[in-house]
Amino acid sequence: MSELNGRVLAVANRKGGVGKTTTAITLAHGLARRIEAAGGRVLLVDFDPQGNVATSLKLESREHDLADLLLDRCTFRDCIISADRAGDGFPRPNLFVIPSSDSLAEAKSELMIRSAIGGRRATQIEDVLDEKLGFVRQLFDYTIIDCPPTLDIFSDAVYKLADEAIVPVKTDFLGEVGTARHTGDILSAQAYGIDIKIACILPTFFDQRLTIARSVLDTLEKHYGKAAIANPIPRSTVFEQAPAVNGQTILEYRPGSSSAEAYEQLVDRIYAL
Ligand SMILES: Nc1ncnc2c1ncn2[C@@H]1O[C@H](COP(=O)(O)OP(=O)(O)OP(=O)(O)O)[C@@H](O)[C@H]1O
Ligand SMILES: [Mg+2]
């Protein structure tokens, strides 16, 4: 295998609807474009049984997905789809996806049963993830994991697999509360020896005109330090339109818009790390 030593980033927040999937998809696409000329490749792994990644990018469904990989029903190669839709005018030659479906929930139960029977409850799921996905660092410059809005037996295993977490926070009151809990979870994972750090906190749905949005941003900066907070992503209806109009990312749907520019800044930040 090559000398490549890629980075694995999890986009995570146990609160639902904060922009995790939008961030995972846009960041993966932005990074892929950034490193295309140099021959780099990006993998986007959907760890959410809602399966929104492939749907949002309008990718053809495949016979196999992440659940099959984790349960030894297919090879790594069998469950990867190319996100390239050059035929529709959306060339993404170096972006790849491992999709999910609700069978991931079954896979989770199956893995839990196996680890309980095996008597190694604490480590086995982590070992499965490491065996099935650990080598992505040798194949892809960046692997972005879209996490579900839940905290369960998979979370610690995903944290163990990933090098860093990006935590999107919706800039409303509840967003702030959820994130304090989530970063608390990450810190306790670190206390258990899981080597994950927070790459950045990403304020999302930001509306400069709203006092609550400015106040949440302020609190986040005080709590985590200004350096840890990425530039906010504006609240905009274009984010809902982009996937609905022919499965585009915001970088394709509204290039140059303030929404696309905000995500380009996140790409810059992660690329520069
Ligand atoms: N900055 C934004 N402004 C307005 N709408 C947004 C923004 N970001 C995402 N959305 C929209 O909000 C909804 C939820 O976003 P998304 O699916 O990315 O959140 P999520 O955290 O992944 O949700 P879940 O927890 O269910 O997985 C989607 O319809 C998406 O298009
Ligand atoms: Mg999601």
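Let me begin with the ligand, where the largest share of the shell around ligand 1, 3 residues, comes from helix α1, a helix here being a DSSP run of H or I with at least four residues and a strand a run of E with at least two, both numbered from the N terminus. What you have above is a predicted model, in which local features need pLDDT of at least 70 and side-chain atom pairs count only at pLDDT 80 or more, while totals for chains, interfaces and linings use all residues. Residues are numbered from 1 along each chain as its sequence is written, and chains are lettered from A and ligands numbered from 1 in the order in which they are written.

Staying with that shell, 17 residues surround ligand 1, and the closest are G16, K20, T21, T22 and P149; a residue is taken as near if its C-beta atom, placed from the backbone, lies within 6 Å of the molecule. The elements that give two or more residues are α1, residues 20–35, and α10, residues 238–244. Sorted by class, the shell has 5 nonpolar, 8 polar and 4 charged residues, where Ala, Val, Leu, Ile, Met, Phe, Trp, Tyr, Cys and Pro count as nonpolar, Asp, Glu, Lys and Arg as charged, and the others, Gly among them, as polar.

Turning to the fold, the protein chain comes to 12 helices and 7 strands. In what order do the strands of the open sheet stand? The order is β3-β4-β2-β5-β1-β6-β7, with mixed pairing, and two strands are said to pair if DSSP finds at least two bridges between them. Because β3, residues 81–82, and β7 stand at the edges, each with a single partner strand, one side of each is left without a neighbour in the sheet.

Let me follow β6, residues 164–170, through its pairings. Strand β1, residues 7–11, runs parallel to β6 and is joined to it by 3 bridges, with L9 having E164 as its bridge partner. With β7, residues 197–204, β6 pairs in the parallel sense over 7 bridges, and there I166 stands opposite C200. Elsewhere in the sheet, β2, residues 42–46, and β5, residues 142–146, pair in the parallel sense over 5 bridges, L43 being partnered by T143.

Is β6 mostly covered or mostly open? It is mostly covered, with 6 of its 7 residues buried, and a residue counts as buried if 20 or more other C-beta atoms, placed from the backbone, lie within 10 Å of its own, as exposed if 12 or fewer do, and as partly exposed in between. Across the 273 residues of the protein chain, 44% count as buried.
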